[in-house]
Every structure is written in structure tokens, then in C-alpha cells.
Amino acid sequence: MPTDGWALVLGGGGVTGVAWEIGLLYGLAECGVDLSVADTVIGTSAGASVAAQLTGTTPLADIYAAQTNNQSGELPARIGMGPVLHYLVAAAWPGDRRHGRAWLGRAALRAKTISEAERRAVIERRVPDRLWPDRRLLLTAVDTQTGADIVFHADSGVPLIDAVAASCAVPLIWPPVTINGRRYMDGGVRSIANVDLATGHSQVIVIAPSTAALRRSDRPQVQAAALGVPHVVVTPNAAARDAIGNNMLDPTRRRAAARAGLDQAASIADRIRAVAP
């Protein structure tokens, strides 16, 4: 029998994914479905940013308001064909998949990006809290040298902002993050939402801005079904996909993505209620 309570899983999807997730969570709260009370919150990439905010001290209404103003401090970027091809090669790597991730990690270490300090400043503006919450918060990342995945939590001895920055370090776009002498990259390199980390929980809610995965086993819906417990996977509807656009790293689309998440919430609230305790 699962004994770890229920889990909320927040997947990756860039700066627009952050906005859509926050809008959706705020909209659900307005419908009387408060997912911030989950026993465990698991965050990957964009979801790590949202998870750190959701479990922090800032009211959800204020978190949403920050997504709809013009003072984000986010830096624009675009994932071109070079990074995409690197991701595909790493994902299709035969045998031990850690070798493919390490190959991608080496490319990330060579890539010309902004400095770690500049990127960390963005994350600091995005996540106002500096302390880990009392509840169980798990943030995913991947070691650039070994390709091994890591899950940061309150007992890891790692500052919360560093853990979030590592989980959000999109390889070849943003710099890998140095923690205790090692360099880490985006947790989405392992899988876009890492839903399998919710194993042992009695119910699982997955909020996934993106479900893209070369391997079927990495898709949030497949991983959630494999858990064998009541679950629901929420993805952007058509209106939200239009609002998010084709470039998930475009901060000018934050406001539209957040509002689309807010608008979508009412349509999926009953599905969430059917699973959430």
C-alpha cells in the first residue's frame, strides 16, 4: 500500500510553462481546489520554479500577479536546431542512458552562454523564498559529467535557489550550475516531468506544460499510468497552446500563458477533485 500521501508533479516547459502552471494553480485555488497542500511536490525545470514558489511563503494570488506584469526580469532565448539535435541524440542513446546525458552535459559545459551569476539572478527574482519549506519538496537535475540524475531536497545541504537554478539549466541555452564543485543541468534531460519519482504515493496530480519525449516511457501520461494509483495529468488546452506559442523561452508571452492557465482551470477542476484527497 502506498504510504507517502499524495503528490503534485510539476513538469518542464520554459518560462511560458512557468506562467501557465501558475495561472492554472491559481485558477484551481479560486475554484476551491488548493494543490499547494500536497504532501509531496516534485518539480522539474519550469516546474521546479513553480514548486519552490508554491511551497513558499508568498500568497498564490501574488505569485500569479507577478506573471501578469511587465517587470519579469526574464531573459529571452530560443531553442534552435543545435540544442534540439543534441537532445535527440542524447535521448536516443543506446544502452545506459546516462552516457547520452553525459555527452549532452559535455556539450553544455562547452556552450557559450550568459554567466552563472546572471542566470542565478533571474532565478532569485523568480523565486522570492530562500529557505526550503517544511513539506517535502523534490527538485530534479542531472550531473553534466556522469549523466546521473539527482533529486535535491531539504536535507541535501544545497541552497534552494541553487537547486532551482540547476533544475532550470537548459543545456546549451543556460549555463550548468555549480553546486559543491559539480556542474548540473536541467532535470528535464532525464524526463520532461519525472512523474516516476511519485512512486509510493496514494494519489498523483501531474501538471505538464509539455509532454514531449522521444521515448514513450518518458511521457508523463505513461509514467503516471505505470504508478498504478489514482492520477490525473493536465496539459494545456488549445487556447493555452496558442497563448504559450512556439517558443517556450519567450518571456513576452508570460501574461497570455498565465491567463490561459487561469481560464483553463475551471474546466478541469472536477477531474482534479476526483483524485485529490
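Colleague: On what terms are the values given?
Modeller: Because the model is predicted, local features need pLDDT of at least 70 and side-chain atom pairs count only at pLDDT 80 or more, while totals for chains, interfaces and linings use all residues. Residues are numbered from 1 along each chain as its sequence is written, and side-chain values use heavy atoms, with hydrogens and water left out.

Colleague: How are the rings of Tyr26 and Tyr64 arranged?
Modeller: Rings of Phe, Tyr and Trp (its six-membered ring) pair if their centres lie within 6.5 Å, and planes under 30 degrees apart count as stacked, over 60 as edge-to-face and the rest as tilted. The structure holds three such aromatic pairs. In the pair of Tyr26 and Tyr64 the centres are 4.9 Å apart and the planes stand at 25°, so this pair is stacked.

Colleague: How many residues apart are Tyr26 and Tyr64, and in which helices do they lie?
Modeller: Helices (H or I, at least four residues) and strands (E, at least two) are DSSP runs, numbered from the N terminus. Both tyrosines, Tyr26 and Tyr64, are buried, where buried means under 20% relative accessible area, exposed over 50%, and partly exposed in between (1.4 Å probe, protein chains only). The pair links distant parts of the chain, with Tyr26 in helix α1 (residues 14-30) and Tyr64 in helix α3 (residues 60-67), 38 residues apart.

Colleague: Which kind of pair do Phe152 and Tyr184 form?
Modeller: Phe152 belongs to strand β4 (residues 149-152) and Tyr184 to strand β6 (residues 182-186), 32 residues apart. Phe152 is buried at a relative accessible area of 3%, and Tyr184 is buried at 8%. Their ring centres lie 5.4 Å apart with the planes at 80°, so the pair is edge-to-face.

Colleague: Is Ser45 buried or exposed, and where does Ser45 lie?
Modeller: Contact here means heavy atoms within 4.5 Å; leaving aside neighbours within four places in sequence, Ser45 is in contact with Gly12, Ser167, Cys168 and Asp186. At 9% relative accessibility, Ser45 counts as buried, and its place is in the loop between β2 (40-43) and α2 (46-54).

Colleague: What is the relative accessible area of Asp186?
Modeller: Asp186 is found in strand β6, and beyond four places in sequence its contacts include Ser45, Ala141 and Pro171. Asp186 is buried, with a relative accessible area of 6%.

Colleague: Which residues touch the most other members of the largest nonpolar core?
Modeller: A nonpolar core is a set of buried Ala, Val, Leu, Ile, Met, Phe, Trp, Tyr and Cys residues joined through side-chain atoms within 4.5 Å. The largest nonpolar core has 59 residues, and those that touch the most other members are Leu8, Leu35 and Ile272.

Colleague: Which helix gives the most to this core, and what does Ile272 contact?
Modeller: Helix α1 gives the most to the core, with eight residues. Leaving aside neighbours within four places in sequence, Ile272 is in contact with Leu28, Val33, Leu35, Ile205, Val232 and Val234.

Colleague: What is the phi of Asn180?
Modeller: Most residues other than glycine have a negative phi. Asn180 lies in the loop between β5 (177-179) and β6, and is exposed, with a relative accessible area of 68%. Its phi is a positive value in a residue other than glycine, near 50°.

Colleague: Is Asn194 buried or exposed?
Modeller: Asn194 lies in the loop between β6 and β7 (203-207), and its phi is also positive, near 55°. With a relative accessible area of 0%, Asn194 is buried.
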